Amino acid sequence: MKFDHQPADILERLAALREADAPTHGGHVLSYVYDSGLAELDELAASAIRAVQPVNGLDPTTFTSVAVMEREVLGFARDLLGGDEDVVGTVTTGGTESCLLAVKTARDVWRGAGSSVRTGTPRLLAPVTVHAAFQKAAHYFGLELDLVPVGPGGDVAAADLIARMGDDVALVVVSAPSYAHAAMDPVVEVAAAAAEHGIACHVDACIGGWVLPFWDDVQPWNFEVAGVTSISADLHKFGYSPKGASVILQRGRDRQRTQYFATTQWPGYPIVNPTILGSKSAGPLAAAWAIIQALGTSGLAELSQSCARSTRSLRDIIAGIEGLRVVGNPVGPLLAIATDESVAPERRVDAHHWADQVREHGFLLQLQPSLVQSDGSVLPATTHLTITPVTADVLDELSVALVAAADEVRGVPAISAEAVLAELPAEALAALGNPDAAPLDSATAAGLLGALGIGAGEQGLPERMAPLLALIAAMPAPLTERLLIELLARLVEPQA
């Protein structure tokens, strides 16, 4: 066959495209990527993926290797997360799918069957810090989202969650820990109360599930806690496998079977799906399975200890930077950094200006906007750091960057909402002033993005993200969300 382009040329172009990506190895990106620092693990994962490249994970009766690998991954996860033989589960394509399946299962169990079918809209109860995947799940599956405000450190009071429990709650979710602040939710108290009310309790350990078992001084949070009915834990985070791989474990076979979709009511082959996807790559499963085989519990423990040492070091470094502070009492290899409002304004370091300046020193941190909670209290703007084993290799360089960047922006005031609004074009102000206006069409949304200096193609995102995060915080959420949808959609549209 004559190809339109030669394979070597295609791969050369792909390499050129990859040069514009943020680095996935080396510890210079402190979010999104989870680098073990072990090149041999990467090669092992790549070889495992190549070995199953043509396999369809849809049918483990045809491709029996899928069943064996999934069984062994789930067995390892069950042991790690304190489960007994009554705990069963599924490997999914990522944390979002695991969370969606937890909610779908809880909704269907809540609805019941036969003469005990419930009507009305079930509620999903959680702290406001719960991962956005649960907002997506509530939207997809028709649950009312009931988000409980948290304290200034991102911690939720168990009593506040328990007070909102009722017969219409299909699921209460707690995090181990939360992503934004690394706050450990009160799993024991909430799970016990949920059990008393007959409510399912899900522990979202997508980010903590493969590292907290080896972390010191962690309150009970896994299946050893009575009342915990399901747990999600991402293999592609601190399990160090390629994306996307996660597990959803459920307590009780009958409950877990509700997660499935099955039908024989069409003229094709019988459909039996434990996950949202049908056909799917077996590659992430094979890579995760191979890495688990290689590392075992001892290897995961060693990598977790490296994360712990680097996290302690970074907390000490932040504590020594005047004008910044660590938010709350973080648990696990995550930190949220905010401006220290207790010092004089001229000595403060705006967390978002700081993150932008750290980028000038070669490290990418993740900016998180402020949030007004339903009770009117405000969670401050923060900068997020995820610490991985490879952080130890760049700790000295990173420390210098964090300190130098803080010195360079100290005293520079945060971008205010008023300043952002003053820069908005008239059409954007009109949209802000009319919450009942019809939804923006694509052309109008793109025009607003352009007027704000944000767009796809060559225009792209601004070099510094602090103004964009201030804009997000200043505008009503529905308008911001519509503009972000337009931005992301146009980034992948075919060019004329």
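# Exercises on salt bridges and a helix pair

Arg-253 and Asp-86 form a salt bridge whose closest N and O atoms are 3.8 Å apart. The model is a predicted one, in which local features need pLDDT of at least 70 and side-chain atom pairs count only at pLDDT 80 or more, while totals for chains, interfaces and linings use all residues. Residues are numbered from 1 along each chain as its sequence is written, and side-chain values use heavy atoms, with hydrogens and water left out.

**Exercise 1.** Determine which parts of the chain the pair Arg-253 and Asp-86 ties together.

*Solution.* Step 1: apply the criterion, namely a side-chain nitrogen of Lys or Arg within 4 Å of a carboxyl oxygen of Asp or Glu. The pair has its closest N and O atoms 3.8 Å apart. Step 2: place the residues. Arg-253 lies in helix H8 (residues 253-257) and Asp-86 in the loop between helix H3 (64-80) and strand E1 (87-92), so the pair ties together parts that are 167 residues apart in sequence. Helices (H or I, at least four residues) and strands (E, at least two) are DSSP runs, numbered from the N terminus.

Step 3: assign exposure. Buried means under 20% relative accessible area, exposed over 50%, and partly exposed in between (1.4 Å probe, protein chains only). Arg-253, at 38%, is partly exposed, and Asp-86, at 34%, is also partly exposed.

**Exercise 2.** Characterise the salt bridge between Asp-168 and Arg-123.

*Solution.* Step 1: the N to O distance is 2.7 Å. Step 2: Asp-168 lies in the loop between helix H6 (158-163) and strand E4 (169-175), and Arg-123 in strand E2 (residues 123-127), so parts 45 residues apart in sequence are tied together. Step 3: Asp-168 is partly exposed at 28% relative accessibility, whereas Arg-123 is buried at 10%. Step 4: a network of salt bridges links Arg-123, Asp-146, Arg-164 and Asp-168. The whole structure holds 13 salt bridges.

**Exercise 3.** Describe how helices H10 and H15 cross and which residues make the contact.

*Solution.* Step 1: the axes, lines fitted to C-alpha atoms over the stretch in contact, with angles from 0 to 180 degrees between N-to-C directions, come within 9 Å for H10 (residues 351-360) and H15 (residues 466-474) and cross at roughly 150 degrees. Step 2: H10 is therefore roughly antiparallel to H15; angles under 35 degrees count as roughly parallel, over 145 as roughly antiparallel, 65 to 115 as roughly perpendicular and the rest as oblique. Step 3: the contact (heavy atoms within 4.5 Å) involves His-352, His-353 and Asp-356 of H10 and Ala-466, Pro-467 and Leu-469 of H15.
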